[in-house]
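Trainee: I would like to learn how to read a fold from its coordinates. Where do we start?
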Amino acid sequence: MTSDSAYLIAWASLWTLLIAVSAFAYARGSMPERLGAAVIVTVAVVSVIGDFLLSERGLLIARLLTEGLAAVGFLLIAVRYTSLWLGGAMIFQAVQFSLQAYYFVTHRAHDATYVVINNIDFFGILACLTAGTLASSRRRRAFAAQAAGSDRSASARLSAVTATS
């Protein structure tokens, strides 16, 4: 397997994972998970567009700005919703921003180290989003079950009161 085909397989796998996790967040998550997925998808799409439209130097600047905006997006969501998964995503996003800044400031070409750190970090962000979506879905189901149980006991009390009258 050539390095080009390995790159394409990794690229396609990460996009598949991004789409699957984002769809899961939209379908089963609550508002913070949906907003987090929107931030992640937006950064990924803007990055791909930049790959095709920008020069090497312009791409580095655009990626640095995009990662910074993603961090601000996660911060705004975290301030509004205070979800634990957002803390993890923000830490991973800080690593991502630092990686972009390091390669930008040192004028280093993206090498294998960059690719590995970038991909592991991206996987970590998606893992945080998945964990948040699972927790949100469980909370919602538990709340619905609790509400259904209290509705049943309220109607049982009403039936008992009506039967004794």
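Mentor: Start with the core. A nonpolar core is a set of buried Ala, Val, Leu, Ile, Met, Phe, Trp, Tyr and Cys residues joined through side-chain atoms within 4.5 Å. Keep in mind that this is a predicted model.

Trainee: Which residues of the largest nonpolar core touch the most other members?

Mentor: Ile40, Phe74 and Leu129 do, in a core of 21 residues. Helices H1 (3-28), H2 (31-53), H3 (56-81), H4 and H5 (112-164) each supply at least two residues of this core.

Trainee: What does leucine 129 touch, leaving out residues up to four places away in sequence?

Mentor: Leucine 129 touches Val21, Ala25, Glu33, Ala37, Ile40 and Trp85. Ile40 is also among the core residues that touch the most other members.

Trainee: Step back to the whole chain. How many helices and strands does the protein chain have?

Mentor: Five helices and zero strands. From the N terminus, the order of elements reads α-α-α-α-α. Next, look at contact range. Take contacts between residues at least 6 apart in sequence: 67% of them join residues at least 24 apart.

Trainee: What share of the residues counts as buried?

Mentor: Of 165 residues in the protein chain, 30%. The accessible surface comes to about 10,000 Å², and carbon and sulfur atoms hold 72% of that.

Trainee: Now a single helix. How do I read H4?

Mentor: Check its span, then its faces. H4 covers residues 84-105, which makes 22 residues. From first C-alpha to last it reaches 32 Å, close to the 32 Å expected at 1.5 Å a residue.

Trainee: Which residues of H4 are buried?

Mentor: First, the general idea. An α-helix has 3.6 residues a turn, so residues three or four places apart point the same way. In H4, the buried ones are Trp85, Leu86, Ala89, Gln93, Gln96, Leu99, Gln100, Tyr103 and Phe104. Seen down the axis of H4, they fall within an arc of 135°, so they line one face of the helix. On the other side, Leu84, Ile91 and Val105 are exposed.

Trainee: What happens just after H4?

Mentor: Check the backbone there. Histidine 107 takes a positive phi of about 55°.

How values were computed
Residues numbered from 1 in each chain as written. Predicted model: local features only at pLDDT ≥ 70, side-chain atom pairs only at ≥ 80, totals over all residues. Heavy atoms only, no water. Helix = DSSP H or I, 4+ residues; strand = E, 2+ residues; numbered from the N terminus. Expected span 1.5 Å × (residues − 1). Buried < 20%, exposed > 50% of the residue type's maximum accessible area, 1.4 Å probe, protein only. Arc of directions from axis to C-beta. Contact = heavy atoms within 4.5 Å. Areas by Shrake-Rupley, 256 points an atom, 1.4 Å probe, with all protein chains shown as cover.
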